[in-house]
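Student: I have a model open and want to go through it piece by piece. Can we start with the backbone and work inward?

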Amino acid sequence: MADSIFRKLRDGGEEGELAPALTIEETVVSPFALDVSCYLLANLSSSILAGKSKGLVLVTFSRSPSFYLQFLKQRGIVVSSSSKWIRVLDCYTDPLGWIDQPSTGVTEGPSLVKLNKCVSDLKRLFSSVIDAGREMVGDGKTRFSVAIDSVNELLRHSSMPLVSGLLTDLRSHAQVSSLFWSLNTDLHQEKVTNALEYISTMKANLEPFCPSPDGKRNALENLFLAHQDFGKGRFHVRFKLRKGRVRVMSEEYHVDQTGINLSPISSAESVIAATKSLIPKVHFNLQLSEKERVEKEKVVLPFEHQDHGKSTEIYDGRRTLADGKTEATPLSSGELQADVVSSGKGGEIIYFRDSDDEHPDSDEDPDDDLDI
Amino acid sequence: MAAPNVRTSSFSRNISVVSSSPQIPGLKCGPNGTTFISTGIRDLDRILGGGYPLGSLVMVMEDPEAPHHMDLLRTFMSQGLVNNQPLLYASPSKDPRGFLGTLPNPGSSKEDKPTAPDLDQGESLRIAWQYRKYMENQKSSIDDYSNDFDMRKPLERQFLAGRPIDCVSLLDSSDLSVAEDHCATFLSKFPRLCIISFLFDGHLLLFKLVNSSNIASIGRIAIQSFCSPLCEYSDKESEMLSFIRLLKSMLMVSNAVAIVTFPPSMLSPSSSTRLQHMADTLLSIKAIPDGDKELEKLLTGYKDINGFLNVHKVARINTQVPVILEAKTFSMSLKKRRFLALECLNQAPVDGSSGTSYGTSGSCSGSSKSGALDF
């Protein structure tokens with residue numbers, strides 16, 4: 001299932017649509033967004049090297065570029081300064097331009113890591129991302145992906161509307177094929193998280209295994225369990241589909257030295273269905289299907305014949321229905337006659353008529369006084 | 001002794017809807033002196049009791065995961081254009097005019113339209129002979145009031161060209177003054193009779209604001225994604241609230257209807273609740289999870305449903321009597337992939353042999369277990 005995210009990111013969006021965007025959310029109790037980003041990064045890099053996608057621009061905020069290059073090297077992907085498929089925008093080393101650099105006006109041609117000194121100027125950041133991408137793939141139709149290390153840092157320096165404007169501008173740029181970023185939701189108000197989810201098409205979040213809510217455990221045991229369960233939990237993804245539906249997928253994750261491992265859910269407990277809360281009141285379907293309508297036409301009602309002046313066969317509930325809707329298969333269960341009405345969907349109604357016990361005696365007929 | 005009353009039946013029919021106003025197409029008289037305009041979706045007109053009343057503010061709460069509020073806006077705007085009603089459209093995109101290209105066209109021929117079972121001729125509805133004389137012909141809905149829109153066909157040029165359509169982009173406005181100006185100038189074209197009594201220095205002064213007893217023309221305002229995080233004013237919640245308050249007060253003295261969609265999760269809970277309170281009609285959209293086995297078992301037609309529409313509040317003007325709806329949640333689907341339909345949620349036929357029981361649906365499905373049905 002994490003593969004499906006990766007595939008969506010690798011394939012990018014369609015012509016004329018905004019690029020797919022992924023938000024990876026982490027919390028204090030499950031701070032593994034970095035591992036997820038690195039996992040996606042490694043996959044994207046290998047697919048670029050395999051020739052399936054074109055380029056990647058990595059904007060680093062919370063870790064230095066050398067961390068990522070080291071990580072890729074560990075995965076067997078060597079990045080040298082002559083690599084044409086990746087560019088790193090370094091917003092980690094000196095985001096606010098505090099360190100004086102003597103040569104600011106000289107650009108040495110295409111280089112792997114570019115220093116960005118003014119993080120709060122988002123327009124400049126946008127143009128440097130696009131320029132870095134264009135350096136790799138040229139100006140034509142080839143597209144590149146963009147990975148933003150952590151949006152928390154961006155939000156520290158700029159307001160929400162500007163950040164969402166930047167992300168949406170990136171998404172709507174013709175040459176950006178996909179985009180992903182990570183966010184620690186505990187550092188911001190809920191509406192910030194909601195705003196970022198609003199502009200993204202996929203949302204991934206990490207949910208730790210909760211310790212058992214057994215009140216009898218003492219605090220030490222809880223601590224031990226929490227420590228043990230620290231690297232494990234559930235990885236949920238919500239995809240926004242085009243028709244307006246939402247696909248929810250889950251996997252289990254397990255973090256260790258090498259990174260994050262994702263596996264399908266092992267235990268039988270299913271995700272709590274939100275369906276019960278969604279449907280407050282469901283009615284019975286009172287519409288008739290075509291078949292049922294035809295059958296309904298066939299039934300002769302008792303009052304109809306009064307006007308026509310002819311007597312018709314009347315269904316009085318005593319005989320089994322012979323035609324169409326029902327297939328009467330009498331069960332031989334002792335002396336009682338039972339009607340089994342099958343509704344065509346596999347369900348059965350087994351009905352034992354009380355009136356079958358008695359003979360249809362006209363003296364006792366309560367409907368005798370009706371003019372039928 | 002009174003003369004015997006000649007009555008045809010002991011029940012008197014409660015006529016609440018009079019025939020449509022002869023002056024202007026696209027209007028329908030409603031109870032309590034209100035006038036309705038069509039929402040653009042026939043099912044929604046029926047659910048709301050006629051349509052949107054003039055002078056009301058409709059708010060739609062979006063779900064960030066589903067785009068169905070756009071369909072509500074599209075049908076609203078198309079209906080206005082088909083009925084030749086001026087339109088003001090504001091959205092947080094750079095080019096709002098582009099949205100006009102996605103408006104749907106009215107469904108063309110009779111065969112295309114989904115046919116409801118008709119009850120008029122007496123052949124298909126079989127009633128007892130002595131009651132036939134009370135049978136009233138159910139006319140098909142008046143064609144110039146509302147249309148069925150074909151969501152796949154774009155609106156024809158004749159409806160777009162030469163119509164007064166004003167498009168405003170909310171993207172770059174740091175405060176809402178641009179939007180306020182546009183709304184004020186737009187609404188000043190549709191004034192309505194209004195008397196305000198004013199207490200001044202202990203004396204009661206009566207002001208008759210505008211004197212227009214005939215409805216000259218109707219306006220429609222559509223504001224999309226009002227609290228979108230892309231707009232610069234989205235941080236300023238009190239400004240947004242006062243804009244909506246201003247809009248609502250201008251609407252009360254105009255012959256217009258405004259529909260505003262907003263994502264409630266973009267606001268703080270208190271601001272979201274305040275915005276919801278300001279609405280006369282409140283609807284909300286909810287996305288449906290895909291591939292959900294539980295829902296598939298629970299609902300018929302799950303595969304066709306695109307999302308849910310909840311009706312929280314229905315506008316009641318000039319009356320204190322609230323509307324109690326039979327159902328508040330409706331499924332949005334496309335009939336024949338073209339026509340928007342809103343239907344009550346229907347429970348799927350329960351599979352008797354499997355023996356599952358639905359405890360929470362609130363319907364009598366406990367008899368799903370196979371066995372004798374006790375009557």
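Student: Which residue just after α1(A) takes a positive phi?
Tutor: That is A:Gly12, with a phi of about 80°. Keep in mind that this is a predicted model.

Student: And which residues of helix α1 of chain A are buried?
Tutor: The helix spans residues 2-11, and its buried residues are A:Ala2, A:Ser4, A:Ile5, A:Phe6 and A:Leu9.

Student: What about B:Ser225, what is its phi?
Tutor: Phi of B:Ser225 is positive too, near 50°. This serine belongs to the loop between β11 and α5 (237-252) of chain B.

Student: Is B:Ser225 buried or exposed?
Tutor: Buried: its relative accessibility is 2%, and the cut-off for buried is under 20%.

Student: Since β11(B) came up, how many of its residues are buried?
Tutor: Five of its five residues, so the strand is mostly covered.

Student: Which way do they point?
Tutor: B:Gly219, B:Ile221 and B:Ile223 point one way, while B:Arg220 and B:Ala222 point the other way. In a regular strand the side chains alternate between the two faces of the sheet.

Student: What does β11(B) pair with, and in what sense?
Tutor: With β5(B) it forms four bridges in the parallel sense. With β12(B), residues 256-262, there are five bridges, and that pairing is parallel as well. For individual positions, B:Leu88 stands opposite B:Ile221, and B:Ala222 has B:Ile259 as its bridge partner in β12(B).

Student: Switching to the open sheet of three strands in chain B. What is the strand order?
Tutor: The order is β1-β2-β3, with antiparallel pairing. The edge strands are β1 (27-29) and β3 (52-53), each of which pairs on one side only.

Student: How many bridges join β2 to β3(B)?
Tutor: Two, with β2 covering residues 35-37. B:Phe36 is the residue opposite B:Pro53 in β3(B).

Student: How far is B:Asp144 from B:Leu27 in space?
Tutor: The C-alpha atoms are 8.7 Å apart, although the two residues are 117 residues apart in sequence. B:Asp144 is in the loop between β6 (104-106) and β7 (149-154) of chain B. Its relative accessible area is 36%, which makes B:Asp144 partly exposed.

Student: Which elements of chain B each supply at least two residues of the lining of the largest cavity?
Tutor: β5 (87-91), α4 (177-187) and β11 (219-223). The lining residues include B:Leu88, B:Ala90, B:His182, B:Cys183, B:Ile221 and B:Phe243.

Student: What is that lining like by class?
Tutor: There are ten nonpolar residues, one polar residue and no charged residues.

Student: B:Phe243 is in that list. Which aromatic cluster does B:Phe243 belong to?
Tutor: One formed by B:Phe226, B:Tyr233 and B:Phe243.

Student: How many aromatic pairs are there over all chains?
Tutor: Seven. One of them is A:Phe67 with A:Tyr68, which is edge-to-face.

Student: Why is that pair called edge-to-face?
Tutor: Because the planes of the two rings are at 85°, and over 60 degrees counts as edge-to-face. The ring centres are 5.3 Å apart.

Student: Which residue lies over the face of A:Phe67?
Tutor: A:Arg63, at 5.3 Å from the ring centre. In chain B, B:Arg220 lies over the face of B:Phe76, at 4.8 Å from the ring centre. B:Arg220 is also one of the buried residues of β11(B).

How values were computed: Residues are numbered from 1 along each chain as its sequence is written. Chains are lettered from A and ligands numbered from 1 in the order in which they are written. This is a predicted model: local features need pLDDT of at least 70, side-chain atom pairs count only at pLDDT 80 or more; totals for chains, interfaces and linings use all residues. Side-chain values use heavy atoms; hydrogens and water are left out. Rings of Phe, Tyr and Trp (its six-membered ring) pair if their centres lie within 6.5 Å; planes under 30 degrees apart count as stacked, over 60 as edge-to-face and the rest as tilted. A charge sits over a ring if NZ of Lys or CZ of Arg is within 6 Å of the ring centre and within 35 degrees of the ring normal. Two strands pair if DSSP finds at least two bridges between them. On a 1 Å grid over the protein atoms alone, a cavity is a set of points where a 1.4 Å probe fits but cannot get out, and a pocket is an open set with protein on both sides within 12 Å along at least five of seven lines; lining residues have an atom within 4 Å of a point. Ala, Val, Leu, Ile, Met, Phe, Trp, Tyr, Cys and Pro count as nonpolar, Asp, Glu, Lys and Arg as charged, and the others, Gly among them, as polar. Buried means under 20% relative accessible area, exposed over 50%, partly exposed in between (1.4 Å probe, protein chains only).
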